Amino acid sequence: MALNRKMHPRNKYKTPPSFKELALKNEEFRQFAKIDISGKVLIDFKNADALRALTRVLLKEDWGLDVVLPSEYLVPTLPLRLNYILWLEDLVAALEVDDSGSPVYGIDIGTGASCVYPLLAAKKNGWHMIGTEKNEVCFDHATQNVLRNNLESLVKVKKVDGEAIIQDSILENTFDPKPPCFHFTMCNPPFYASEEDVEKTNKSRSMSSPRPPPNNARTGSANEIVVEGGEVAFVFKMIDDSFKLKDNIRIFTTMVGHKSSVPKILQYLKSKNIKEVASSEFCQGKVTRWGLAWSHSVHLTCESLSTEPVNVKQKPKPPLLYKLPKPKNDLFNTFDSFVSKVKVLMDKLNLQYKCVIKDVKSVGFQVSALSNTWSNQRRKRRDQLRQGTTTDEAAGNQGCSETCNIKGKEETDEPPSKRAKKGDVVPLAVVGLILREEDAEDGSTKILEINWLQGSGGRESSHQILQYMKNNI
């Protein structure tokens, strides 16, 4: 997660959760968990159902919340939601008011079907929260999520209508006794002005500067991600409404999804002569959002960005690829014959390997080499002939292991760096070796890919193994 270093310093997801542990504990999440070539448990973030299962299991395991997330509505990402709540904690803590020991009251504008902000705020901090919602279906789901978690004394879901973003009646009639003042509002407004704007974000800025595809699946119904005028117009309306409520709410906050929106909103606040303004970045994974706060009565001095030193990590090295040329490719009538040949070569090198990926046209092995058995092969064969042995016999004496991965087995679900520590010998090389077949106009093509994982021999050892395969296929 490239931006985890800039997460709020108290965000527990600065250290990513263990998908392996979550999969072992939760059956719903386990069906989306996969084991890669290195033995690491991953999920497909482009799969909306996988994202939904991840959020549900994190809410349950980390916060004791049982939240139903309907398939047609937004899936909240917890690191981002927690960043927002932690920023609100900082803002509330910085309030210089006489009732600092009193309960905290907040309002989530447009709480959505999950009602995740009020539920988290109530469960984590014991805050009293109102979640407002216009959509009837989202209102029903949010209400049920509150009841399911027995938090109805702290969280109230209110159905709203009309143009006003916050209605006076909600402040008056929700809690008994009525709080003297609400500490904050929060909002995750719809980002886009139209469905066309949504599609534009997934397309290139220009032919020479393509936009990469999103890392996560897009979730959310039209009413959750689209609003007339986009997020800027929505926040402008919030700012206008805040003047009517300045005696009832101390701090107004919102999150925005586009960096270009921030200066427009700040300029609008300035034009309205609102001088007490604070801002923050919410960084998580490869995503950045922005938080803006303003007040008509409170001096805002809160700074919540992490000041930890930044360690820039190098990009991972690309895998080594070998695409069999036409003559060699035609030697193998089937993909299975290609796989068998590579197995024979691994046996000759006394490599230990296990199958961790298997499909119709792809197979992957985790391969360990305890010593260099691939260099100076001609000299070694001559020596063995003089001694009356062959390479094949020598390999047979050493033996090799091939085990197919079964999902959930402990031995294949542990990173190689940890497994290596358990043995007496540190491998010279541990690599992921993937064989696949790709269809082309002139027939299929066999491809061999090697990913260096670890080992005392360094990356050069993976180059040498690939060269041996190329010479002997």
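Colleague: Before we start, what should I know about the model and its numbering?
Modeller: This is a predicted model, where local features need pLDDT of at least 70, side-chain atom pairs count only at pLDDT 80 or more, and totals for chains, interfaces and linings use all residues. Residues are numbered from 1 along each chain as its sequence is written, and side-chain values use heavy atoms, with hydrogens and water left out.

Colleague: Which residues does UniProt list for "binding site"?
Modeller: UniProt positions are given in the numbering used here, with shortened feature names, and annotations may be inferred rather than shown by experiment. The entry is unreviewed, and under "binding site" it lists Arg81, Gly110, Glu133 and Asn188.

Colleague: Is Arg81 buried or exposed?
Modeller: Arg81 sits in helix α4 (residues 78-93); helices (H or I, at least four residues) and strands (E, at least two) are DSSP runs, numbered from the N terminus. Buried means under 20% relative accessible area, exposed over 50%, and partly exposed in between (1.4 Å probe, protein chains only). Arg81 has 6% relative accessibility, so it counts as buried.

Colleague: Which residues does Gly110 touch, leaving out those up to four places away in sequence?
Modeller: Gly110 is in the loop between β3 (105-109) and α5 (116-125), and is partly exposed at a relative accessible area of 39%. Contact means heavy atoms within 4.5 Å. With residues up to four places away in sequence not counted, Gly110 touches Thr132 and Glu133.

Colleague: What is the length of the polar contact that joins the side chains of Ser261 and Glu231?
Modeller: Ser261 belongs to helix α11 (residues 261-271) and is buried at 4% relative accessibility. A polar contact is a pair of N or O atoms within 3.5 Å; within protein, one must be able to donate a hydrogen and the other to accept it, and residues adjacent in sequence count only if both atoms are side-chain atoms. For the side chains of Ser261 and Glu231, the value is 2.6 Å.

Colleague: How many Å apart are the end C-alpha atoms of helix α3 (residues 48-63)?
Modeller: The expected span of a helix is 1.5 Å times one less than its number of residues. With 16 residues, α3 should span 22 Å, and the distance between its end C-alpha atoms agrees, at 22 Å.

Colleague: Which residue caps the N-terminal end of α3?
Modeller: At this end, a side-chain oxygen lies 2.9 Å from the backbone nitrogen of Asp49. The residue that caps α3 there is Asn47.
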